[in-house]
Amino acid sequence: MELPKLMKEVIVHPTRGDALELWTEIHEVPLPRPSKDEVVIKVAAAGSNVKDWLHITNLKISMNSGDDVAGIVHEVGDNVTKFRVGDQVAAFHPMMTPGGAYAEYALAPQHTTFKIPSSVSFESAATMPLILTTAALTLFRRQHLPPPWAPRPSSSAPLPLIIYGASSALGAFAIKLARAANIHPIIAIAGSSSAYISSLLAAEKGDALIDYRDGPEATKELVSTALGQLECFHALDAISANQTWIPISQMLASSTNEQPSYLSVVSGANRYDESEIQDGVQIVYTFVGTVHSGAYKPGMPKMPKDVEEVRGDPEWAEKFFDFIAKWVSGSESSPTLEGHPFEIIEGGLRGVEVGLRKLKAGQAKGVKFVYCMNEQ
């Protein structure tokens, strides 16, 4: 059978004329060819992230902005040893580069690709790569917490972790990672769509779910009650908007000579220099693109001071993706890793415009939007 030479690809436009209305167009382009360390994936499902519309809007550019992909390996580069044609995989495509997920075929480096078993659907797998990597990079690289492939012993002292925006995909995956590393108590702060989060927490280990909808002061009091006599030095703000980081910083203890106090944020659009931020709390921005580039971009806020650590992120990512492959197959850690709850947007590539508009409008409450290529 002759292999296809052309494929369909979605180009996402952030505006239409003077109107701030996102729209897409589908065109035909040649199939991507892999570099020596890449794989070409025949896309079965693609997942959306906020950055898919936000980055191109801020940069005023149009492109195939999808980065979460699941499907079947179609071609491999000369140096690829972990994958073969026909393997079922999911992958994190490098942001803002050609060969993205909103197409019939996509590119991905082998070090941010992992095999998925037949028991895991492509749709579920497409919810994982980028956001799961963001959560892991935050906890285990930027905050230096013990990773799940070397979990803390069950006899370890409590190690509190605050996760704000826990019902988001980022918050939920952070909970799953912390749980796999035996990091407890987890103080999960969420609003609506919290039922799923409750199922991830272990009350017997001190985990608690707190509703932020009563306001910052009430939330701080509830966190203090949940912590009891414990001091907390680790927090993730999975929302990072409307100055959410200020009250979170006030929930943390100040850094000591032995223990830094970390608050991770995930939006590069803020400076995080407000006077109300708790003294002695280090705010660190997680830029997930470092797993491909090994570097932050000039002008990004609150970058880590250790440049060499960041340079090692791609090597770390390879180890992490090897772990994901084992975890999702049930051979490493317990319970087995599952994807985030998702909603399939009908229409395949034609549905990308609908999904991104819904995402931009804040309509992804507790779910990720996924597009199936078999609906073309």
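Q: How many disulfides does a search of the whole structure find, and what makes a pair a disulfide?
A: The search finds 0 disulfides. A disulfide is a pair of cysteine sulfur atoms within 2.5 Å.
This is a predicted model: local features need pLDDT of at least 70, side-chain atom pairs need 80 or more, and totals for chains, interfaces and linings use all residues. Residues are numbered from 1 along each chain as its sequence is written, and side-chain values use heavy atoms, without hydrogens or water.

Q: Why is C232 called buried?
A: Its relative accessibility is 2%. Buried means under 20% relative accessible area, exposed over 50%, partly exposed in between (1.4 Å probe, protein chains only), so C232 counts as buried.

Q: Why does C372 count as buried?
A: C372 has 2% relative accessibility, so the label is buried.

Q: Why does Q110 count as buried?
A: Q110 has 12% relative accessibility, so it counts as buried. Q110 is found in the loop between β6 and β7 (113-115).

Q: What makes the Q110 side chain and N79 a polar contact?
A: A polar atom of that side chain lies 3.4 Å from the backbone oxygen of N79. A polar contact is a pair of N or O atoms within 3.5 Å; within protein, one must be able to donate a hydrogen and the other to accept it, and residues adjacent in sequence count only if both atoms are side-chain atoms.

Q: How do you know that β3 and β6 pair?
A: 5 bridges join β3 (residues 38-47) to β6, running antiparallel. Two strands pair if DSSP finds at least two bridges between them, so these strands pair. V39 stands opposite A108 in β6.

Key. Helices (H or I, at least four residues) and strands (E, at least two) are DSSP runs, numbered from the N terminus.
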